[in-house]
Amino acid sequence: MHDIRAIRADPAAFDAAMARRGLPPAAAELMALDTDRRAAQTALQEKQARRNALAKEIGQGKRAGADTAALEAEATTLRGDMDSLEKHVPTLDAGIRHILEGLPNILDPSVPDGPDETANVRLKQTGQPRDFNFTPKQHFELGEALGMMDFATAAKLAGARFTVLRGPLARLERALGQFMLDQHTQGRGYLETIVPSLVNAAAVFGTGSLPKFEEDLFKTTDGRYLIPTAEVPLTNTVAGDIVPEKQLPLRLTSLTDCFRSEAGASGRDTRGMIRQHQFRKVELVCIAHPDKSGEEHEWMTRSAEIILEKLDLPYRRMLLSSGDTGFASTRTYDLEVWLPGQGMYREISSCSNCKDFQARRMNARFRGGADGKTVAHVHTLNGSGVAIGRALIAVMENYQQADGSIVVPDVLRPYMGGLESISAG
């Protein structure tokens, strides 16, 4: 959510910021509504003051035996005018809010301009893709051959874009989640948190999915939503709160199931586990001081990178362009992991700094300053640390052997009871 005062101070700059998002100017309409609202509020205050003065005059006149009919008529007219204004001001407020709710965050100046992912900038690349002496298979070919990845049964149970995992492959997915949580909590300062998988509309609005992206969500019959990511409940733990400055940064992590309708993914990644309605992910969230969110963005992204490095998976860090940066984000890094079965890099983590955009929507603030009395909005950040299903895919494809077996990475073997490889039978 944007601060109307900032737009009022420099409407041209705001329109220029929206233009980077490919959006038409919005400042003029907002300023017209804002001018009307402030005029109506001023008129309401003036009429209230006049009505209070009239009440005194009428009282004094009646005590003196004077004729107060004209004063009473004026008071009646004022009351009617005030009733109209009291209805008009909320309508103007709602109009301003409706426009602001649909406008994305302002992009950081460092974000490159471009229409889509083709304009993303590679910042670094770590690790070298393995040379195979055979043609590497995709994860679904490996999983089905092992008899441990079952899409047909999942479709029977729930439809397309679901997967049943069995045996050592199911354990490998569980091992990945445990490993990630241990890394983030023991070495990177994140607090493990278990959160609800169902949240109310206010929580989804707070992080920016409502009202604009409701079609991407699964909604229950009682008006709640299945979480698309643990970012929603984790970030909303401070909704409506004033956090003491000394508690910042709050670094939180959670392993949850995530649910997405994939409304815009028709025909994309229809085979395998790349794009699912239900998947598991370790999420990272930080509630930060405004002066420190840039540092926290680097810390969070590095936390996700460490996971990939310990798994010895080749990856690259990408700075997303203006056309590929999400609605609530001001700046986003994507980590893309090498998938030899596909012969390409695919996103496995997305780490975003939202600055105060989400905090304004959920009224999350901190108290600090030299006098200890300053209250301001916090900055929020979120990232995947990392997507477990895609990490499973990456391990399967990068650690596959010619006979179809999969070597278990060294760091995961303690979580697998010492198992060194996964093979059929």
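Which residue forms a salt bridge with Arg 280, and how far apart are the closest N and O atoms? Asp 257 is the partner, and the closest N and O atoms sit 3.6 Å apart. A salt bridge here is a side-chain nitrogen of Lys or Arg within 4 Å of a carboxyl oxygen of Asp or Glu.

## Ground rules

This is a predicted model, where local features need pLDDT of at least 70 and side-chain atom pairs count only at pLDDT 80 or more, while totals for chains, interfaces and linings use all residues. Residues are numbered from 1 along each chain as its sequence is written, and side-chain values use heavy atoms, with hydrogens and water left out.

## Salt bridges

Back to that opening pair: Arg 280 is in strand β10 and Asp 257 in strand β9 (residues 250-259), 23 residues apart, so to speak a link between distant parts of the chain. Helices (H or I, at least four residues) and strands (E, at least two) are DSSP runs, numbered from the N terminus. Arg 280 is partly exposed at 29% relative accessibility, and Asp 257 is partly exposed at 26%. For the cut-offs, buried means under 20% relative accessible area, exposed over 50%, and partly exposed in between (1.4 Å probe, protein chains only).

Searching the whole structure turns up 33 salt bridges. One of them joins Lys 62 to Glu 72, with the closest N and O atoms 3.6 Å apart. Lys 62 belongs to helix α3 and Glu 72 to helix α4 (residues 69-101), so this pair ties together parts that are 10 residues apart in sequence. Lys 62 is exposed at 52%, whereas Glu 72 is partly exposed at 31%. Arg 413 and Asp 410 form another, at 3.4 Å between the closest N and O atoms, and Asp 410 is exposed at 57%. There's also a network: salt bridges with shared partners join Lys 124, Glu 298, Arg 302, Glu 305, Glu 309, Arg 317 and Arg 331.

## Strand β16 and its partners

Strand β16 (residues 379-387) is mostly covered, with 9 of its 9 residues buried. Strand β10 (residues 278-288) pairs with β16 in the antiparallel sense over 7 bridges, and Ile 287 has Thr 380 of β16 as its bridge partner. Strands count as paired if DSSP finds at least two bridges between them.

Strand β13 (residues 344-355) also runs antiparallel to β16, joined by 4 bridges.

## Helix α2

In helix α2 (residues 11-20), the buried residues include Phe 14, Asp 15, Ala 17 and Met 18. They cover an arc of only 155 degrees around the axis, which puts them on the same side of α2; the arc is that of the directions from the helix axis to the C-beta atoms. Their cover includes α1 (4-9) and α3 (27-63). After α2 comes Gly 22, with a positive phi near 80 degrees.

## Two buried residues

Thr 229 lies in the loop between β7 (225-226) and α9 (231-235), and is buried at 6% relative accessible area. Its side chain makes a 3.3 Å polar contact with that of Glu 283. A polar contact is a pair of N or O atoms within 3.5 Å; within protein, one must be able to donate a hydrogen and the other to accept it, and residues adjacent in sequence count only if both atoms are side-chain atoms.

Met 149, in strand β2 (residues 149-150), is buried at 4%. Met 149 and Val 164 are 15 residues apart in sequence but 5.9 Å apart in space, C-alpha to C-alpha.

How values were computed: Contact means heavy atoms within 4.5 Å.
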